[in-house]
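Here is a short walk through one protein model. Keep the sequence and the 3D view open as you read.

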Amino acid sequence: MFSSIRYKDYTPLWSAEFSAVKSKNYFRIILVLVVVLLASGICNTVFFVKLARSWPAPLDAYQHLNTQPIVNIDALSSLVPPNAQDNAIVTSLYTDGYATAVAALGHSLNKVNTTASRLLLYIPEQISPRALCIATASGFIPHPVARIAPPHGGRGVGAHFADQYSKLNLWTLDESGFKSVVYLDADTLVHRNFDELFGLPYSFAAVPDVYAGARGYVVGFNAGVLVLRPSTAVFLDMLRDVEGAAYAAGEAEQAFLNHYYAAEALRLPYAYNANLVIKERTPALWAGLRREARVVHYTVMKPFLTDLHGWRSVVGMQEVERHVLAQIGARGGLFDEEVRAWLEMWRETRHAYDEALTACTRVSTQ
């Protein structure tokens, strides 16, 4: 009874009206916080965009400041020339369309006086006797290898990359007695001696890649020029990993090797793989590279092919010069100097090995 009398006239402190006011205040506070956070996010985004634009990457804003040579002259003079028994320069031929390119590459190697052996990896069932004759006319020794099919039935791999996993056969060259290998794609030309690469103590080295679009200069390497220590044990390990590893199928063996070596790969200067994309993306950097470029890589312009994707088409030896000249002015003339350089190398090749190359025209194309 006492309890009921005591609370008879009780009025709640938190009335419905007060609760409604309080809810409105909470809503206003939350709204203000959301607006503040959005404004902060926008301001931070604008700030970082402006910061990125005001401080471009050193390679995109290249300045020719450093005058030191890439390789120290004193250190270079102390190196012993590579012997042919232990060291090899290797390229590959998976389609007849690249035979003239391999011949020109071989001549460019002869001009820089390297003493390493020359090997041409080729897939016998895919290369005609005539193409093999042309490709080996300037000094490459033919070395047949088995084709390594792309994993997962080739799903996601472009037709022009379908044979590229055969490059993994490089690691079996220890069975031929080689301790160090420099691999060059067939669409390269050598401008300066690079024998210093054979003395590197590392298991694997390559040059960082570059893309014309938003990706730009990347940490991942381009597989067009590789320095490696052959090991059949590593080769067998690669074959076990290639099916199960996760990587972008579109870039074939290059993507796999980037994941296989990842943090363990030595990154070499761009002079060892002067990718034409650099000229397209950063002309100033390309101009700086020219003074020391060892290897020029014809990635986005292949003068010896009918087009970038005409890798199975064959331009006959008698038609190479006319075909290359017709490409002068393509892509706004951006690569005219490099196209002319390739043409000049081909002319020298045709002249220097005329007898051998002429004999190749009498060899079967089947």
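Helices (H or I, at least four residues) and strands (E, at least two) are DSSP runs, numbered from the N terminus. This is a predicted model: local features need pLDDT of at least 70, side-chain atom pairs count only at pLDDT 80 or more, and totals for chains, interfaces and linings use all residues. Residues are numbered from 1 along each chain as its sequence is written, and side-chain values use heavy atoms, without hydrogens and water.

Start inside. A nonpolar core is a set of buried Ala, Val, Leu, Ile, Met, Phe, Trp, Tyr and Cys residues joined through side-chain atoms within 4.5 Å. Buried means under 20% relative accessible area, exposed over 50%, partly exposed in between (1.4 Å probe, protein chains only). The largest such core holds 69 residues. Leu184, Phe194 and Trp342 have the most contacts inside it. Helix α4 (residues 99-111) gives the largest share of this core, seven residues. A second, separate core has 31 residues, among them Leu119 and Phe221.

Now look at Phe194. Contact means heavy atoms within 4.5 Å. Beyond its neighbours within four places in sequence, Phe194 touches residues including Ile89, Leu109, Tyr272 and Arg294.

Move on to helix α6 (residues 232-244). Its buried residues are Thr232, Phe235, Met238 and Val242. They pack against α7 (252-261).

Ala252 lies in helix α7. Its phi is near 50°, a positive value in a residue other than glycine. Ala252 is buried, at 0% relative accessible area. Ala262 sits in the loop between α7 and β8 (266-267). Phi of Ala262 is near 40°, also positive in a non-glycine residue. Ala262 is partly exposed, at 32% relative accessibility.
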